[in-house]
Amino acid sequence: MPERHTPKPVSASRIILSQLMHPEHANLLGNVHGGWIMKLVDEAGALACMRHAQRKVVTVTIDSMDFHQPIRIGDLVILNAEVSYTGRTSMESTVEVHAENPITGEQTHTNTAHLVYVALDDAGRPTPVPPLLAETEDEKQKFIQAQERQQQRLQRR
Ligand SMILES: CC(C)(COP(=O)(O)OP(=O)(O)OC[C@H]1O[C@@H](n2cnc3c(N)ncnc32)[C@H](O)[C@@H]1OP(=O)(O)O)[C@@H](O)C(=O)NCCC(=O)NCCS
């Protein structure tokens, strides 16, 4: 178990999930059902946060999700998830979704999602998480943007 308040770098919990889209993932149009993608996004986001907190986490909120391109049956869905912000017990994950045609290798960016999770202790209560250590300029910028998103979510509550 890590020291609770030792900052952890973004790179320590970054995760990539890949899954081949089968016919059972189809919607009535024959493309991949958006609900499957939302489930995978939630799983990838949660895994990055679990790695960061080394705790169980629950989803507390999911920002609106826009799908820019359809994903086809037979495509490989690739989800890149990283922790973009930490509060005291909450964490934001940013999940980027790409669809790859495994034959041509062509990749399209289908959507990016932001989700907030809360770490739970053994009794199921919110528990503190290590602060996020944003090391690169890109990570620092993403942290500032994520902090603004979190402030807006809390104002809307
Ligand atoms: C998540 C949960 C434990 C939070 O409990 P709570 O009593 O609201 O706890 P708190 O008020 O202390 O909030 C905990 C953290 O969540 C954040 N939070 C709460 N609601 C939020 C919202 N709508 N948006 C963003 N962050 C939110 C708080 O700001 C706080 O963050 P901080 O500790 O970093 O400052 C509780 O709401 C819950 O169990 N929800 C159900 C979760 C679930 O079942 N998810 C779906 C299946 S995984």
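Q: How many nonpolar, polar and charged residues does the lining of the largest cavity have?
A: Five are nonpolar, one is polar and three are charged. Ala, Val, Leu, Ile, Met, Phe, Trp, Tyr, Cys and Pro count as nonpolar, Asp, Glu, Lys and Arg as charged, and the others, Gly among them, as polar. This is a predicted model: local features need pLDDT of at least 70, side-chain atom pairs need 80 or more, and totals for chains, interfaces and linings use all residues. Residues are numbered from 1 along each chain as its sequence is written, and side-chain values use heavy atoms, without hydrogens and water.

Q: Which residues line the largest cavity?
A: Rolling a probe the size of a water molecule over the atoms shows where empty space is left. A cavity is a set of points, on a 1 Å grid over the protein atoms alone, where a 1.4 Å probe fits but cannot get out; lining residues have an atom within 4 Å of a point. Here the lining is Val10, Glu82, Val83, Ser84, Leu132, Ala134, Glu139, Lys142 and Phe143. Helices (H or I, at least four residues) and strands (E, at least two) are DSSP runs, numbered from the N terminus.

Q: Which angle and centre distance does the aromatic pair have?
A: A pair of aromatic rings is described by the distance of the centres and the angle of the planes. Rings of Phe, Tyr and Trp (its six-membered ring) pair if their centres lie within 6.5 Å; under 30 degrees is stacked, over 60 edge-to-face, the rest tilted. The count is one aromatic pair. Tyrosine 85 and phenylalanine 143 are tilted, at 5.4 Å centre to centre and 40 degrees between the planes. Tyrosine 85 sits in strand 4 and phenylalanine 143 in helix 2, 58 residues apart.

Q: Which residues come nearest to the ligand?
A: Of the 15 residues around the ligand (a heavy atom within 4 Å), Thr59, Arg88, Thr89, Ser90 and Gln150 come nearest. Strand 3 gives the most to this shell, with four residues.

Key:
On a 1 Å grid over the protein atoms alone, a cavity is a set of points where a 1.4 Å probe fits but cannot get out, and a pocket is an open set with protein on both sides within 12 Å along at least five of seven lines; lining residues have an atom within 4 Å of a point.
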